[in-house]
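Please look through the structure below before reading on. The text starts with the contact between the two chains and then turns to single residues.

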There are 2 protein chains.
Amino acid sequence: MSNPGARPIGIFDSGVGGLTVARKIHDRLPDEPFIYLGDTARVPYGNKSPATVQRYSENIARLLCDNGAKAIVVACNTASAYAREYLRDTLDVPVLSVIEPAAEDAVRTTRQGSIGVIGTLGTVKSGAYERAVAEYDPSIRVVSRACPLFVPLAEEGWTEGDIARQIARRYLDGFAETDIDVLILGCTHYPLLAPVITEVIEEVTGRKIAVLDSAEATSRRLAAVLSEQSLVCPTTAVAPSRRFWVTDISDSYVELCSRFFQAPVKDIVHVDL
Amino acid sequence: MSNPGARPIGIFDSGVGGLTVARKIHDRLPDEPFIYLGDTARVPYGNKSPATVQRYSENIARLLCDNGAKAIVVACNTASAYAREYLRDTLDVPVLSVIEPAAEDAVRTTRQGSIGVIGTLGTVKSGAYERAVAEYDPSIRVVSRACPLFVPLAEEGWTEGDIARQIARRYLDGFAETDIDVLILGCTHYPLLAPVITEVIEEVTGRKIAVLDSAEATSRRLAAVLSEQSLVCPTTAVAPSRRFWVTDISDSYVELCSRFFQAPVKDIVHVDL
């Protein structure tokens, strides 16, 4: 291709959650073409080992690069935690995770010097947010907590009401004894539960908490990287191509994907890995 | 091997849930050696397509047969629904599912001629219980309902209390308008939630409901098949070998497996597929 900027952004996640990140990228960079790959045949990554997640991530990133990706966005917290550094060392295109941008945002936002993180078991065990925050400011405290039921809650669409609130209460109660004033949603599914999470975390701590969605920070970072590396797509009269690929397809995906992307997602293509 | 009965039973599931079936087999057939394989790298099957589940199941069943399995127990409802017939046609050892034995039990138990089934999205969509029940008695009504949050609830260990009860209530409410008197737990994770499920289904319907665990029925059927086909293991002075294999291993598995097997599971071995 004559202009490298015309190549697509490659975005991947273990499943549909990363579509919340794809959405923010779509909003901030409306002229950019992208390929989104959801590894729905092997979802979820959150309870898998680092070696397995690394292998799957490399697999996918190579497929996206083979299809012309000019940058890779690891739109999955577990894959970001376990595979981002490895991908950055291996691939010759920029690799962005959802963790560093969110950590940077959180460090800038906190007044108390204390940040809460919620995510999958894999993300929390990896300690990736702790490390990312420490790189910006090692004096800041990070308290993290795994919330495994939030993902199926978001996928069921039970994002409000008593059940969601009680589950949030059970997971977030432990933050009562902390002095956090920022909470990072360290899983791409969680933005769907943001209203309940915000309500409960403020109730539990008795103060205002800035609830940060990493998709927002990641899309901002991506815009900066594309610009720095002269990879911005030239504006054309034609709408940019947006491809949605999954490794396993099922009837319910059109509806599920549309919910996470907040717009109708059609033409989901099945790719074999 | 001189005596085919001395070969192990091969039991598999997408993850740890099938250990509730392995447990019942262990209780009923204490002299039988077995290999349990949990496909934890690709768990869950419940939201995957029939073709993918069939491919995974064949993969695993062949591995077990290569390791001497004298019979295969598909201890996963989704795999039973999508792959059992295919495996039965392909392999030259007996293949048992968890669906037919439970369906037979339910048909024998119901007085109203009406049976409820709960399971994963995949199991419910497959219509496998409807077909299995119809084979025994086509006049019996079957009402089924997917309950996706029950699996993470069981894995979190939140098997009692308000949250479990409210989620059960939301899923089981629809059975109020039916005349079921039997409810099949059509997912190997659900036995851990049996007390809450029983309490709620009786509250919702206002009558006594027989809640059937397919592990019990399956182990009984297995005992019969081994005996009919002269595959019973000769009793020896040495305790039978029980092997636990997983396709992905993580720190939390020892505890998780022990909870589902209701006894300490040590020496979990990682196998690559």
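Across the interface of chain A and chain B, 10 residue pairs are in polar contact, counting pairs with both residues at pLDDT 80 or more; the model is a predicted one. Salt bridges across this interface number 0. The area buried between chain A and chain B is about 2,500 Å², and carbon and sulfur atoms give 53% of that area. Chain A brings 31 residues to the contact, and chain B brings 31 residues.

Which helices of chain A each supply at least two residues of the side that touches chain B? They are helix H2 (50-66), helix H7 (150-156) and helix H8 (162-172). H8(A) gives the most to that side, with 6 residues. By residue type, the side of chain A that touches chain B divides into 14 nonpolar, 7 polar and 10 charged residues.

The next point is how the two copies are arranged. The same surface serves both copies, since 100% of the contact residues of chain A recur in chain B.

Two single residues can now be placed. Asp179(A) lies in the loop between H8 and strand E7 (182-185) of chain A. Leaving aside neighbours within four places in sequence, Asp179(A) is in contact with Gln112(A), Ser114(A), Arg141(A) and Arg207(A). With two of these partners there are polar contacts between side chains: Asp179(A) with Ser114(A) at 2.8 Å, and Asp179(A) with Arg141(A) at 2.8 Å. Pro30(A) is 149 residues from Asp179(A) along the chain, and the C-alpha atoms of the two are separated by 39 Å.

In chain B, Arg131(B) has its place in helix H6 (residues 128-136). Arg131(B) is partly exposed because its relative accessible area is 47%, and the limit for exposed is over 50%. Not counting residues up to four places away in sequence, Arg131(B) touches Ala81(B) and Ser126(B). Ala81(B) and Arg131(B) are 50 residues apart in sequence, yet 9.9 Å apart in space, C-alpha to C-alpha.

Notes:
Residues numbered from 1 in each chain as written. Chains lettered and ligands numbered in written order. Predicted model: local features only at pLDDT ≥ 70, side-chain atom pairs only at ≥ 80, totals over all residues. Heavy atoms only, no water. Helix = DSSP H or I, 4+ residues; strand = E, 2+ residues; numbered from the N terminus. Buried < 20%, exposed > 50% of the residue type's maximum accessible area, 1.4 Å probe, protein only. Contact = heavy atoms within 4.5 Å. Buried area = accessible area lost by both parts, 1.4 Å probe. Salt bridge = Lys/Arg side-chain N within 4 Å of Asp/Glu carboxyl O. Polar contact = N/O pair within 3.5 Å; in protein donor to acceptor, adjacent residues only side chain to side chain. Nonpolar A, V, L, I, M, F, W, Y, C, P; charged D, E, K, R; others polar.
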